[in-house]
Amino acid sequence: MSCDTDSKPLSSLELESYFSDDYLFFGDAVNSPEKTDREVEAIWKLLSLKEGGPVLELGCGYGRITNRLAGKGARVTGLDASPVLLKKAEADAAERGVNVEYVLGDMRSLPWRDRFDAVLLWYTTFGYFSEADNEKVLHEAARSLRKGGCLLIDQLNRYSLLSDKSYSYEIVRRNDDLRMDISNYDALADRCNSERIIVRNGCVRRMRLSVRHYGFSEYVRMLRSAGFETVEAYGQEGGEFKSHGRRLVVVAYK
């Protein structure tokens, strides 16, 4: 895969194609309810959440994290750019009997100021855009937080990606349908580029994703520029960060 072609940020149409009904269809096969419950517990502790506290999840998808946080007593707002995923999130919230404010929107332009105690971007939800737009997301998140609030970002650790072979392959199966991801890491652009092939109901669909991965020192620079005072690093689900661990979790305090 070449840097010039595959390491470019996705257009809005490409993002909409990627986060579609196919993404939703394989969701539980990729993230089991047990895994999601563990992640919610980790998020609750990392953000020191309290019942009734206002929380915003950016890129909330189909609400697998958002609705569970609401179930624990947080006052949650979820924002996503996919109408398909938000519709599922709203249906799941109704089934669980929880009240969540779901908003169709762009994380690069948020309507809130000084409203939330915490904002989170979970499961590699940061890095879809250009360098300038990625930093804009952080500035918007900071503006939406009250003084003393905190921001949580969970992303694949780029150093673990560099230790992989040139290409990595992942296959997810649900009944007779398949989802195949072929990924490589462009170390010059610091972007993980993936081709996704969906085989479902006798049809084949292809799409791509390119995500910018940042190191901790880059996060510190960007987050301080956005108005955060302190930045901390953790590993997967809030554990100790290890250089070749799979996740980098960043918590920043305004």
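Keep in mind that the model is predicted. There is an open sheet of seven strands with mixed pairing, and an open sheet of four strands with antiparallel pairing. Let's take them in turn.

**The seven-strand sheet**

- Read across the sheet, the strands come in the order E3-E2-E1-E4-E5-E11-E10.
- Strand E3 (101-104) and strand E10 (230-234) sit at the edges with a single partner strand each, so one side of each has no neighbour in the sheet.
- Going from one strand to the next, the twist averages 15°.
- E1 and strand E2 (residues 75-80) run parallel and are joined by five bridges. To spot this pairing, find Leu-58, which stands opposite Leu-79 in E2.
- Helix H5 (residues 33-46) packs on this sheet, where it touches E4, E5, E10 and strand E11 (247-253). The direction of H5 makes about 30° with that of E11.
- H10 packs on the sheet too, touching E5, E10 and E11. Its direction makes about 25° with that of E11.

**Strand E4 and its partners**

- Strand E1 (residues 54-58) runs parallel to E4, and three bridges join the two. Here Glu-57 stands opposite Leu-120 in E4.
- E4 also pairs with strand E5 (residues 145-156), again in the parallel sense, over five bridges. Look for Leu-121, which faces Ile-153 in E5.

**Helix H8, between E4 and E5**

- E4, helix H8 (residues 131-144) and E5 together make a right-handed β-α-β unit.
- H8 is 14 residues long and reaches 20 Å from its first C-alpha to its last, close to the 20 Å expected at 1.5 Å a residue.
- Several H8 residues are buried, among them Val-137, Leu-138, Ala-141 and Ala-142, but also Asp-133, Asn-134 and Glu-140.
- What do the buried residues of H8 pack against? They pack against E1, E4, E5, E9 and helix H10 (216-226).

**The four-strand sheet**

- The order here is simple to remember: E6-E7-E8-E9, with antiparallel pairing.
- Strand E6 (168-174) and strand E9 (203-212) are the edge strands, and each pairs on one side only.
- The twist in this sheet averages 15° from one strand to the next.
- E6 and strand E7 (residues 177-186) pair over seven bridges in the antiparallel sense. Across this pairing, Ser-168 stands opposite Ser-183 in E7.

**Two loop residues with a positive phi**

- Some background first: most residues other than glycine have a negative phi.
- Tyr-123 isn't a glycine, yet its phi is positive, near 65°. You'll find Tyr-123 in the loop between E4 and H8.

Methods
Residues numbered from 1 in each chain as written. Predicted model: local features only at pLDDT ≥ 70, side-chain atom pairs only at ≥ 80, totals over all residues. Heavy atoms only, no water. Pairing = 2+ DSSP bridges. Axes fitted to C-alpha atoms, helices over the stretch in contact; angles between N-to-C directions. Right-handed = clockwise from strand over helix to strand, strands pointing away. Expected span 1.5 Å × (residues − 1). Buried < 20%, exposed > 50% of the residue type's maximum accessible area, 1.4 Å probe, protein only. Contact = heavy atoms within 4.5 Å.
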